[in-house]
Amino acid sequence: MSTRADFSVDEWDLLRSSPFMASILVVAASPSGPIGLVQESTAAGKMIIQAAGSAQTPLLKDLAQDLTQKMSIPKPPAGATPVQVQAAATEILKRTSDLLAQKATPEEATEVKQWLAGVAKATAEATKEGGFLGFGGTLVSEEEKAALATINSTLGLAA
């Protein structure tokens with residue numbers, strides 16, 4: 001089983017950024033305004049905190065506990081378009097998937113990847129898209145569904 005000690009500082013930073021990248025990829029797909037952004041960020045944060053207590057493998061437990069102790073949400077570069085943000089987030093998730101394939105056991109890699117997909121799904125489901133004053137709209141927009149499919153594909157998970 002893997003722990004934080006099995007990863008270099010750069011590799012650990014990559015793993016630490018991955019849940020935020022999964023969330024940002026969804027947010028950039030269909031921006032929800034300031035209130036929606038808070039709800040989506042809160043949903044991602046809750047998934048991180050839950051993983052700290054319910055992780056089955058030492059790797060995810062170490063990662064989630066580290067994130068709950070010092071959570072710093074990366075900010076996209078000023079002037080970056082949503083498409084650029086999504087491309088960068090997808091690249092980070094691809095690198096994360098590759099790193100997990102190299103250094104983690106299959107059980108650990110699967111748990112972390114499923115957790116990342118869960119963070120993205122929780123983000124997508126945190127607020128309705130469209131509608132007016134809380135009426136109407138859809139729970140997950142088509143753009144968010146496409147972002148979730150991209151995340152699952154990038155991580156090598158079934159849709």
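Predicted model: local features only at pLDDT ≥ 70, side-chain atom pairs only at ≥ 80, totals over all residues.
Thr 123, leaving out residues up to four places away in sequence, touches Ser 23, Val 26, Val 27, Glu 40, Ala 43 and Ala 44. Thr 123 sits in helix 5. Its relative accessibility is 0%, and it therefore counts as buried, the cut-off being under 20%. A further relation across the chain concerns Lys 46: the C-alpha atoms of Thr 123 and Lys 46 are separated by 10.0 Å, although the two residues are 77 apart along the chain.

The protein chain contains six helices and zero strands, and along the sequence the pattern reads α-α-α-α-α-α. The chain has 159 residues, of which 45% count as buried. If we take the contacts between residues at least 6 apart in sequence, 76% of them join residues at least 24 apart.

I turn to helix 5 as a whole. Helix 5 covers residues 106-124, 19 residues in total. From first C-alpha to last, helix 5 reaches 27 Å, close to the 27 Å expected at 1.5 Å a residue. How many of the residues of helix 5 are buried? The count is 14 of 19, and helix 5 is thus described as mostly covered.

One partner of helix 5 is helix 6. The two pack at an angle of about 175°, and their axes are 10 Å apart. Because angles over 145 degrees count as roughly antiparallel, helix 5 and helix 6 are roughly antiparallel to each other. On the side of helix 5, the contact is made by Lys 113, Leu 116, Ala 117, Ala 120, Lys 121 and Ala 124. Helix 6 contributes Glu 144, Leu 148, Ile 151, Asn 152 and Leu 155. By class, the residues of this contact are seven nonpolar, one polar and three charged.

Helix 1, residues 9-29, and helix 3, residues 58-69, pack at about 75°, with their axes 10 Å apart. Helix 1 and helix 3 are therefore roughly perpendicular to each other. Trp 12, Leu 15, Arg 16, Pro 19 and Phe 20 of helix 1 make this contact with Leu 59, Asp 62, Leu 63, Asp 66 and Leu 67 of helix 3. The residues divide into seven nonpolar, no polar and three charged.

Beyond residues up to four places away in sequence, Leu 93 touches Ser 18, Met 21, Ala 22, Leu 25, Leu 116, Ile 151, Thr 154 and Leu 155.

Is Thr 96 buried or exposed? Thr 96 has a relative accessible area of 0% and is buried. Gln 84, by its relative accessibility of 47%, counts as partly exposed. Apart from neighbours within four places in sequence, Thr 96 is in contact with Leu 14, Leu 15, Ser 18 and Leu 116. Thr 96 and Lys 113 are 17 residues apart in sequence, and their C-alpha atoms are 8.9 Å apart. For Gln 84 and Leu 25, the corresponding values are 59 residues in sequence and 10.0 Å in space, C-alpha to C-alpha.

The buried residues in helix 2 are Gly 36, Glu 40, Ala 43, Ala 44, Gly 45, Ile 48, Ala 51 and Ala 52. Helix 1, helix 3, helix 5 and helix 6 are included in what covers them.

Methods:
Residues numbered from 1 in each chain as written. Heavy atoms only, no water. Helix = DSSP H or I, 4+ residues; strand = E, 2+ residues; numbered from the N terminus. Expected span 1.5 Å × (residues − 1). Buried < 20%, exposed > 50% of the residue type's maximum accessible area, 1.4 Å probe, protein only. Axes fitted to C-alpha atoms, helices over the stretch in contact; angles between N-to-C directions. Parallel < 35°, antiparallel > 145°, perpendicular 65-115°, else oblique. Contact = heavy atoms within 4.5 Å. Nonpolar A, V, L, I, M, F, W, Y, C, P; charged D, E, K, R; others polar.
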